[in-house]
Amino acid sequence: MLPEAEGRRRLVVAGFGMVAYRLVERLAALDALGRYDVTLIGEEPCPAYDRVHLTGWFEHRDPQRLALGRPGWPRALGVRAVTGNPVTSIDRESRAVRTADGERIPYDRLVLATGSAPFVPPIEGAGCDGVFVYRTLDDLERIGKHAARARRAIVAGGGVLGIEAAHALRRLGLEVVLLERGSCLMSRQLGPEAAALLEARVRELGVAIVAEARARRIEPRDGRLVLTLEGGGAPLAADMIVMTAGIRPRDELARDCGLAIAPGRGGIVVDDELRATDPAIHAIGECAAHDGVVYGLVAPGYRMAGTLAEILAGGRTRFRGYTPAVRLRLPGIDVWSLGNHAQPGTRLGWSSNGSYRQITLLGRRPVAAAAVGPWEEMGFTQDAIRQRRRMRPEQLQRFLQTGMFSDAAVRRPVAEWPASAMVCNCLEITRGALSAAVAAGCSSVEAVAERTGASTVCGFCRPLVAELAGDTPSSGSSRESATLLTAAAAAVLLALAIAGGSPLPLPRSVQAGHVWDILYREGWWRQATGFGLLGCVLAAAGFALRKRWRRVGWGNLGWWRAGHAALGALALTALLAHTGLRLGSGLNQVLMICFLTASVFGGATAAGLGRRYARLTFWLHVVAVWPLPVLLAFHVLASYYF
Ligand SMILES: Cc1cc2nc3c(=O)[nH]c(=O)nc-3n(C[C@H](O)[C@H](O)[C@H](O)COP(=O)(O)OP(=O)(O)OC[C@H]3O[C@@H](n4cnc5c(N)ncnc54)[C@H](O)[C@@H]3O)c2cc1C
């Protein structure tokens with residue numbers, strides 16, 4: 001054991017990411033911060049933020065929405081926080097670290113929480129402009145800026161991160177090609193049947209997939225990037241390339257000061273007390289290798305932080321490893337992977353109606369599982385893997401026939417689940433622990449989350465936590481999405497009303513005229529509504545062209561799309577006033593039909609109606625828009641000529 005000086009000790013944490021934040025939070029929760037003078041040292045320019053939900057930044061572009069903890073929390077807790085100033089060396093002899101600006105900071109205990117760096121395979125030209133990695137807020141800002149001027153992107157790496165990045169770029173309006181070295185997406189976690197379902201969904205979302213593709217060289221050519229594949233095949237051209245080929249632990253500080261590093265992919269070797277090979281130094285999170293395993297997930301990092309906080313508070317707890325649980329966030333599909341898929345074993349699979357479930361058994365004990373589509377027994381299965389529970393033969397038989405281990409196939413209220421059933425799969429929090437939090441007075445998701453951490457990682461258990469707490473979870477949709485949805489729904493309803501409504505009556509006599517019929521009856525008003533309509537249509541077209549005009553990269557695309565839809569709805573209102581629900585005849589009728597068709601399909605695409613057919617509705621919108629300039633020009637000329 002390390003001899004410790006009396007009084008407050010100096011605790012230095014190198015790395016100010018999610019796991020470092022969790023460590024301080026747990027120390028505070030255990031009332032142990034009073035024992036230490038804590039210094040958190042970060043390389044990034046901002047304090048810890050929620051990297052798991054980093055992709056959400058493309059929707060809201062607000063780093064504050066990712067921040068962990070309340071503003072000013074380090075000061076409130078009496079913690080010194082240093083940002084934008086990485087630790088450059090560790091002097092184990094004198095127990096001090098040195099930072100990039102030359103400051104020497106002594107420690108009694110040092111915690112390394114330096115996370116991982118994206119792995120960029122040794123591809124010729126990988127350092128070119130336009131090639132990005134996907135890890136930090138800075139990376140996403142750079143990607144966002146470049147994407148605003150780009151039309152086509154390649155994402156290299158078809159794991160969970162690659163799929164998430166490809167979908168994000170697609171939502172930014174780019175054509176996206178996703179490359180995977182293996183034979184299918186998420187090839188390390190999913191078998192061929194599950195991967196086929198996932199791939200079908202990814203393609204429906206508009207992402208092209210090229211499997212068994214190994215990038216060999218990237219070359220800038222004519223303002224674009226050309227990627228050559230190993231083994232021939234047509235080269236792929238794009239405006240940007242995002243590398244999502246995995247991660248490597250950031251163990252360089254530990255290597256340089258002589259701490260033991262795991263063979264192969266590296267990682268700072270730690271024991272069950274998360275101690276490195278120097279008793280004054282701990283390592284937690286993605287930079288640590290426990291039992292030879294480096295976890296690329298936040299939940300085991302949080303577990304390590306919790307364990308270390310208890311140890312630093314004087315407890316005797318140990319870290320005993322973690323059953324990996326990965327969940328992919330994509331609209332319209334749930335993909336789960338549990339346990340270690342590298343283990344050999346017998347695989348049992350079940351599929352029905354676009355769902356697939358698979359377990360890997362060693363004897364009768366499940367060691368891994370994967371699913372595409374909802375699976376009510378996911379928590380139970382994770383628990384079985386974690387507890388190394390032996391399944392009964394009839395349970396396995398039932399799984400093969402129904403995809404369920406038990407008869408209780410119907411989803412029971414969470415409150416009736418067994419106390420040991422897993423609700424928060426990421427942090428392995430059971431129904432019993434959550435019920436205890438609710439019984440202790442937590443009556444909202446936020447309160448339960450603050451007390452237990454449940455729903456704070458991937459967020460998928462949020463509805464279950466809400467159900468247990470008697471709360472209604474918020475949809476979490478951004479303001480621009482809500483605006484887009486409202487405007488698109490208004491456009492569709494207006495277009496259908498104009499197409500299907502009977503013409504508003506013209507007055508029988510001058511005296512009988514309504515106030516509003518002058519809009520579509522009187523020359524001056526007709527001109528006003530007509531030019532108002534033309535203005536809205538041109539502005540809407542301008543908003544839509546923003547993506548195609550490569551030099552323009554202003555603002556958040558979400559708001560541009562919402563603006564496009566709102567202008568469309570405004571144009572339809574002007575059309576209603578201009579025509580009084582009359583479809584006209586001859587070319588005017590063709591103009592009306594094209595305009596209304598474009599509006600219905602445009603609105604349907606934006607509102608996400610029938611996501612499966614989003615590509616089709618988008619192209620129908622575009623096709624209906626094409627004749628509009630000529631028809632409109634003819635209509636304006638004809639109106640004045642006659
Ligand atoms: C887009 C994205 C989505 C993800 N989604 C999920 C998910 O759904 N589920 C999941 O479990 N995990 C997910 N992850 C992984 C998850 O974010 C990580 O597991 C988690 O952030 C690890 O926390 P950490 O503190 O160990 O490392 P990090 O969060 O990376 O923090 C380490 C920090 O240390 C800093 N640092 C490094 N070296 C030094 C130095 N010498 N001096 C000072 N500071 C230094 C780094 O700059 C960084 O800020 C995702 C990751 C990304 C990028």
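## Overall picture

The protein folds into 20 helices and 27 strands, where helices (H or I, at least four residues) and strands (E, at least two) are DSSP runs numbered from the N terminus. This is a predicted model, in which local features need pLDDT of at least 70, side-chain atom pairs count only at pLDDT 80 or more, and totals for chains, interfaces and linings use all residues. Residues are numbered from 1 along each chain as its sequence is written.

Of the 642 residues in the protein, 42% are buried. A residue counts as buried if 20 or more other C-beta atoms lie within 10 Å of its own, exposed if 12 or fewer, and partly exposed in between, with C-beta atoms placed from the backbone. Among contacts with a separation of 6 or more, 64% join residues 24 or more positions apart; a contact here means that the C-beta atoms of two residues, placed from the backbone, lie within 7 Å.

## Confidence

The average pLDDT (the predictor's confidence in each residue, from 0 to 100) is 87 for the protein, and 90% of the residues score at least 70. One stretch to treat separately is 473-477, where the pLDDT is below 50 and the model shows five contacts beyond near neighbours in sequence.

## Around the ligand

The ligand has 35 residues around it, and those that come nearest are Gly15, Gly17, Val19, Gly115 and Gly285. A residue belongs to this shell if its C-beta atom, placed from the backbone, lies within 6 Å of the molecule. Helix H1 (18-29) and helix H8 (298-312) are the elements that give two or more residues to the shell.

By residue type, the shell holds 19 nonpolar, 10 polar and six charged residues. In this count, Ala, Val, Leu, Ile, Met, Phe, Trp, Tyr, Cys and Pro are nonpolar, Asp, Glu, Lys and Arg are charged, and the others, Gly among them, are polar. The ligand lies between domain 1 (9-117 + 248-312) and domain 2 (131-245), because both give residues to the shell; the domain bounds come from an automatic or database domain assignment.

## Helix H1

H1 is mostly covered, with 10 of its 12 residues buried. The buried ones are Met18, Val19, Ala20, Tyr21, Arg22, Leu23, Val24, Glu25, Arg26 and Leu27. Their cover includes strand S1 (9-14), strand S2 (36-41), H3, strand S7 (109-112) and H8.

The length of H1 also works out: at 1.5 Å a residue its 12 residues should span 16 Å, and its end C-alpha atoms are 16 Å apart, which agrees. The expected span is 1.5 Å times one less than the number of residues. After H1 comes Asp31, whose phi is positive, near 60°.

Arg61 has a positive phi near 55° in a residue other than glycine, and its place is the loop between helix H2 (57-60) and helix H3 (73-77). Arg61 counts as partly exposed because it has 18 C-beta neighbours inside 10 Å. Arg95, also not a glycine, has a positive phi of about 50° and lies in the loop between strand S4 (87-91) and strand S5 (96-99). With 17 other C-beta atoms within 10 Å, Arg95 is partly exposed.

Arg224 sits in strand S14 (residues 224-229) and is partly exposed, with 15 C-beta neighbours inside 10 Å. Leaving aside neighbours within four places in sequence, Arg224 is in contact with Ala237, Ala238 and Asp239. The C-alpha atoms of Arg224 and Ala150 are separated by 9.5 Å, although these residues are 74 residues apart along the chain.
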